[in-house]
Every structure is written in structure tokens, then in C-alpha cells.
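Student: I'm new to this one. Can you put it up and take me through it?

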Amino acid sequence: MGNPVVELKNVTKVIKGKKIIDNLSFTIEEGEVFGFLGPNGAGKTTTIRMMVGLMKITSGEILICGKNVEKEFEEALMNIGGIVENPELYKFLTGYQNLMQYARMIKGVTKQKIDEVVEFVGLTDRIHDKVKTYSLGMRQRLGLAQCLLHDPKVMILDEPTNGLDPAGIREIRDHLKKLTKEKGMSVIVSSHLLSEMEMMCDRIAIIQNGKLIDIQKVHDYVAESKQNYFFEVDIENLPFLNISYKKVEKAIEIELEKDEVPDMIQLLIEKGIRIFEVKPVTKSLEDRFLEVTTKGEKFHA
Amino acid sequence: MHNLIVNEWINIFKRPGTIVMIALLILCVIGMAILTKLYNHHVHSEKIQWQQQVRQEIKQDQKQLSETPQTAANVKKDLEQKIAVNQYRLDHNIPPVKESTGWTFIEDCSHLISFAGLFTIIIAAGIVASEFGWGTVKLLLIRPIKRYKILLSKYITVVLFDLFTLAIIFVVSAILGFALFGTGDGNNVHLSYTNGKVVEQNIFLI
Ligand SMILES: Nc1ncnc2c1ncn2[C@@H]1O[C@H](COP(=O)(O)OP(=O)(O)O)[C@@H](O)[C@H]1O
Ligand SMILES: [Mg+2]
């Protein structure tokens, strides 16, 4: 892979004698979507605050494109577009006026660039309305637009899908995909929801109690050749099956490769089993997440 | 830096609260203009002999001066000055300005400056605090701009806002004053007592 865009080196944060982030180290490569997964209170926001220079780092260092966030603030922040927690914008201004505010703060942001960014997040129709009339999804998109103005190398978004409905979440997800594909940006997103992360990210770091527990490529889970498939069947009158399966409520689960699925359906039908539904079971990552976090809990205790 | 100040300026003026403040200032000036107009009317209808009145005043002040004990030096000095100014009026035939002109109206309106100061204080108190209230401070502080520049631009904006409110009072009262009361007729000389002498002054030099 390419160059590291963000590097955390032994980052520790202590607030009032309490270790909130404990010796966190990882790197984020060019063009990847990096997920930051952890239960509430794990320290995701705190880490992101340190990355964007909103909080002092107790020890260790954070480099953005090789620039130290604390010592070379302006140079480092030039490469970051971020939203920490909710995208709070000036409600009494229109979307466009909000963008102008941020455009004025950075040299070389043209009107053309603003229009392009607005187009990108799909707010062209409403951009001249006051922000207080926006829905949460639109605010999120305006927040996204606001951090894209200066073409940053890396976007840092704290819980960008928080409070959004599925359509809104999907929108954000599609936008992030487009950003990494078309502009080669890296994206860091945090979330406590695993299912979301699974769909968005290339890699996921799991943190708990301020400690890094695991970093995994999402690919590893999703493209596993064998997967469990869920067959909703008439379980009462199940004849003997010469295959290994697991009975779950009103259904059976069979581990199969994708190619084998039609054959299995055929087989079950031949046996006279009535099939109501067939779907892959994709909870491997969730299992893994629960597994590692509970292990961490025990370890912690 | 200049752009940061533009940003702050826009932020202040896009809020309804600020517009209300400016409107209040202008209303105050208009209110004073109405009151002054009514008072002027009153003065016109009286039409007294000013020399006689001034002479009476001098007599009264001299009596008071002789009764004042030596220890009240300040009071004595004030009275002496008043007598000197009044005597100067009689000698040079300068009637006291009773009737308002545009110039005196501006002077009256200068009392509103403390009102403007109050508004500036409100703006100054909010310019950093409300960014925290709105949560916008997070987006502001993660710009690639040093913190001191952001704070400095906020400070400069507050100073500019203060100057702006003063300018509003001055300009509005000048326009109203000259339109309603005229520039006066050369009798509007202001007399003051400096270095043991009575001098004639323009209102701007007070
Ligand atoms: N300013 C602070 N003072 C004291 N404790 C804090 C402060 N900020 C965060 N914490 C604590 O740090 C932990 C991590 O918080 P946070 O980073 O917000 O978690 P997350 O974003 O993962 O939900 C929490 O236990 C929280 O109580
Ligand atoms: Mg958080």
C-alpha cells in the first residue's frame, strides 16, 4: 500500500488522572476507509479530537501526512477535513453562506469549487435556504461539503451516521466510497455500530476502554469462501438429511460456498422440504466484535 | 486575517438580535429628535429678554459666591467661571443658546454612546461564547489557522462594531438634527472658561 496518511504513535491521553486513551498506535494508508469501532465511551471521540488538534496529547504523537499535529498545526490541519460529533453549523446562515465562511478561511477556494462540492453532496436545490430548515441528513451532507472545500488528504468523521435513517446512512456511505475512489482520499469514520462499519470500511480498528484490541481487514470476513446460509424451512416435518446443519429457530443453517447454494436448494426440494427463505448469514464480524470486546472486558477486569 | 474579520462581521449582522440593536439605536435618536422638537416649540413661545435674565443670574451667583465659605474652593471656582461667562455674554452680545440647533442635537445624542457601549458589550460577550453554545467552535478550531489569529480577529471585530454603533449615532443624529433644526444662525457659539479667560469654541472642540 501507499504512504501512511495518518500515524498515531503511542498516543496516550490522561484526564484528571484517568487514562482515557492508552498507548494507541496505528497508521492509515492512502485511499482507504478506516473504521474506528468501539462501544460508547471507548474513547473514539477523544482520539479524533486529538487527531484534529482540539485536545492536547498527553504523550506520544500524531502525524498527518508527516506533520506533527501539535507542533505544525497549520500544515497538518491543511490536510484534514473533519466533523467532530455533530456537524454544528451556523443555523442563521444559509448553506451557501456557511460554506463561504469556511472558504474564506483557506486560500484558493474558488466559487467553482464551492459549486462543485455542493453538487457532490447533492444539495444544489437547497443550498440557499437557511440551515435551520435543513434535515439532519442535509446537515450531515453540508458538514461533509464544508470539509471537502480545501481538498484534504484525509477526512475524519466522528459517528457520521448517528441519528440518520437508513436512507441517510446509505447516502453518507455512497459519498465516502466516491471520495476514496474518485479523489483517492483516506477516510476515518468512527461508529459504535458494527453493521455500518462492515459496509463502509476497508479496515476496522476495534478499541475498548481506550485500548486498541484488534485491527482487521473487513475483506477477511466478508469474502470468506465458506459462509453460513440460513434456510427458513418447515422445521416440524424435517426428514433425515445427510448433511451437517445447525437447527435454529424455525430454520436450519448450513455452511456452504456460494456455488453450492443452488444445489443445496435443489436437494432440499427433492427431499420435499418447503423452503420459505434463503439468505447468507453475515454476522461473522459481529460475533468477532462481541468476542474481542468481551474478551477485552474480562482482560480488563 | 482580513477574511476572518469579514466572516465575523457577517456572523454578527446575519443575526436578528443585531438588527434589533441597530434599530433600537436609530429609534432612540429619532425619539430624542421628537422630544427636542417639542421643547424647541416651548422655548419659542416664551421669548424672554435674555440680557435681563443673564444679569439676574449674575446677581444671584454673586450673592451665592459671597455666602459660600472659603473652604468650598471648587464651588467658588465654578461660580466664578459661570459669572465670567455670563459677563462675557453681556459684553459681546452673545445670547445663551436655549434653542436647539443641529449642533446641539448631536451633542444631546452623544448621551446615547453609553447605550451603544452596552450593545458592544453584548456582542463582545457573545462572540466567543456563542460559538461554544452553537457547537460551531469545533469546526472553527480545526481550520488550518492558528488560534491567536481567530481570537484576534474576533477582538478586532468587536472594536469595529463599537465604532460602527458610534458612527450610526453620529450620522443619524447629524442627518436628523440638520434636517429638523438647521445649522443655527451663528449665535450657537459655545463659551467656555479656560486658563482664566472666557473663549469662544466650536462645538466640535469641546
Ligand atoms: N473532558 C473529559 N473529562 C473527563 N472525562 C472525559 C472527558 N472526555 C471524555 N472523557 C471520558 O473518556 C471516555 C471516552 O469518551 P469518548 O471519547 O467520548 O468515547 P466515545 O466517543 O468512544 O463514545 C469516556 O469514559 C468519557 O467519560
Ligand atoms: Mg463519541
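Student: N10(A): what is its relative accessible area?
Tutor: N10(A) has a relative accessible area of 42% and is therefore partly exposed. Buried means under 20% relative accessible area, exposed over 50%, and partly exposed in between, with a 1.4 Å probe and protein chains only. This is a predicted model, in which local features need pLDDT of at least 70 and side-chain atom pairs count only at pLDDT 80 or more, while totals for chains, interfaces and linings use all residues. Residues are numbered from 1 along each chain as written, chains are lettered from A and ligands numbered from 1 in the order written, and side-chain values use heavy atoms, with hydrogens and water left out.

Student: Which element holds N10(A)?
Tutor: Strand β1 of chain A, residues 4-15. Strands (E, at least two residues) and helices (H or I, at least four) are DSSP runs numbered from the N terminus. Phi of N10(A) is near 45 degrees, a positive value in a residue that is not glycine.

Student: Where is E85(A)?
Tutor: In the loop between β6 (80-83) and α3 of chain A. Its relative accessibility is 34%, so E85(A) counts as partly exposed.

Student: And what does K138(B) touch?
Tutor: E85(A) is one of its contacts, along with R49(A), L54(A) and V84(A), leaving out residues up to four places away in sequence. Contact means heavy atoms within 4.5 Å. K138(B) sits in helix α7 of chain B, residues 137-141.

Student: Is K138(B) buried or exposed?
Tutor: Buried, because its relative accessible area is 13%.

Student: Which three residues of chain A supply more of its buried area than any other three?
Tutor: F92(A), R104(A) and M105(A), with 27% of the area that chain A buries against chain B.

Student: How many salt bridges cross it?
Tutor: The rule finds 3 across the interface of chain A and chain B. It asks for a side-chain nitrogen of Lys or Arg within 4 Å of a carboxyl oxygen of Asp or Glu. One salt bridge joins K149(B) and E74(A), whose closest N and O atoms are 3.6 Å apart.

Student: Change of topic: how many residues are in the largest nonpolar core?
Tutor: It has 86 residues, and I62(A), I114(A), M155(A), L157(A) and L176(A) have the most contacts inside it. A nonpolar core is a set of buried Ala, Val, Leu, Ile, Met, Phe, Trp, Tyr and Cys residues joined through side-chain atoms within 4.5 Å. A second, separate core of 19 residues includes F105(B), L112(B), F119(B) and I168(B).

Student: Last one: how many helices and strands in chain B?
Tutor: 8 helices and 2 strands. Of its 206 residues, 37% count as buried.

Note on methods
Buried area is the accessible area (1.4 Å probe) that two parts lose on being put together, summed over both.
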